[in-house]
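My entries follow in the order in which I made them.

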Amino acid sequence: MFWFGKKDKKKFTVRNNFDGEIKRASLDQVQHYIDKMIDNDQEFVTLAIDRPVSEVSFVQTTWNNMHEPVLEVGVGDGINNKIMEKKSSIDEVTRTLSEFYNTGNVLNIDSFRREIKPLPKIIGTGVLPEWEKDNFESEPCEYLVAIGGSGAGGSGSKDHFSASFPILGYVNLQTGKKSDVMSHLRFVPTEEERERRAYFEEFDYLMVYKIKALAPKYREASEPWINNTVRMSCLYALEMLSAAVPNEYLDTLIVKYKTPVTIKTEKYGELTLDKDLHHFEGECEWLGKKAKLYLNVEREQENADKALANMDIFYQNLEDWDKRMREFAAKELTELAKEWQSSDYEVDEDGNPIDFTELTEADFAGKLSIDSMEIDDDGNFTVFYYDGGLFFDHSVVVDGNLENGIDSASMQG
């Protein structure tokens, strides 16, 4: 192997859990260990170079706790490396290790956005902003917290922006208090983290962390929902102390979360619970078409008996409901559809402008085709129709209640 015209000046070492370290690694050996790693998610492969020819001194691949391949690169002098990481694929893993083996470099190093910082480390700004002081206590405690399975996000204006991660529960290490309420962990990212959306990478899903955090503050003289169970179970994160902490109570919550919950029905087949969105999802037959079906349930609820019973009531008169919803939507939205269509100048095959002002309510209703339906324990339902191009591929959404009938129809993006 040649490095810039000099043979055997750069030596590679493969580190792995299989055979220890192998000096003077060949590319075939690297591929061999990648193949072995694919079959065992407890393994890793590291390709290191003894005398770097670039800023990259090693490339490592492993699995994260969501069984996704992760690539890590050591950037620096080989002693005081800055370790960068990103989620990847097996194909990219293979290409990157091959590229490093053949050139001593990783060309798309900018794609490794996440820096793995040594613990303990500050989370975001590490301070409670003024605008959150009515929501959280001022004295921090140490917690073990189980991060949920999905749903990290950020919201708010530039001056009031916060990030959040879902949590399955926590243990207060000072008081011993335990929570199994699915809530969220909040923090304010730095300006640089917000611009790069790096706050999405702060925690790994389905992992237990030891953190320093602030408990929620009870709000006196507030609306009842302000002090609900979910808000009173959230935390404001300040510092990450350690990761992948074993804890029987929280590990049990993670196992429970990962265990699928399904119900089998005669009419709608098998429905599976989405524990983050709090609904069972599946499919149903809708007058000769397939429609996605969602049965909305309360947080922590793992059955859908009431929602399912309401769906049965709706389904008994499906043809009538479908006709009434189409007609209602047409009455509410036909004029709006004309405005949308007329605003987009189109010509027919002879080059003459198309006149959309003749669109009738019957035309409108006939263009709609079913997409999905959701219904809850109280009989509230929402039906989504494809718009047939009336609003240039937006949705026509009809809301109602089994007892009170159809409430509204709208166009949504």
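**Second largest pocket.** I looked up the second largest pocket and found a volume of about 280 Å³. A pocket here is, on a 1 Å grid over the protein atoms alone, an open set of points where a 1.4 Å probe fits, with protein on both sides within 12 Å along at least five of seven lines; lining residues have an atom within 4 Å of a point. Grid points are joined across faces, edges and corners, and a volume is the space filled by probe spheres set on the points.

**Basis.** The model is predicted: local features need pLDDT of at least 70, side-chain atom pairs count only at pLDDT 80 or more, and totals for chains, interfaces and linings use all residues. Residues are numbered from 1 along each chain as its sequence is written, and side-chain values use heavy atoms, with hydrogens and water left out.

**Its lining.** I noted 16 lining residues for the second largest pocket, with Glu 115, Lys 117, Glu 193, Arg 196 and Ala 198 nearest its centre. Helix 3 (191–196) gives the largest share, three residues. Helices (H or I, at least four residues) and strands (E, at least two) are DSSP runs, numbered from the N terminus. By class, the lining holds ten charged, four nonpolar and two polar residues. Ala, Val, Leu, Ile, Met, Phe, Trp, Tyr, Cys and Pro count as nonpolar, Asp, Glu, Lys and Arg as charged, and the others, Gly among them, as polar.

**Largest pocket.** Strand 6 (56–63) is one of the elements that give two or more residues to its lining. The lining comprises 29 residues, and those nearest the centre are Glu 85, Arg 114, Ile 116, Asp 204 and Tyr 209. I recorded 14 nonpolar, twelve charged and three polar residues in this lining.

**Gln 60.** Is Gln 60 buried or exposed? I list Gln 60 as buried because its relative accessible area is 19%, and buried means under 20% (1.4 Å probe, protein chains only). Gln 60 belongs to strand 6. Its side chain makes a polar contact of 2.4 Å with that of Thr 46; such a contact is a pair of N or O atoms within 3.5 Å, one able to donate a hydrogen and the other to accept it, and residues adjacent in sequence count only if both atoms are side-chain atoms.

**Ser 395.** Ser 395 lies in strand 24 (residues 395–401). I count Ser 395 as buried because its relative accessibility is 18%.

How values were computed:
Buried means under 20% relative accessible area, exposed over 50%, partly exposed in between (1.4 Å probe, protein chains only).
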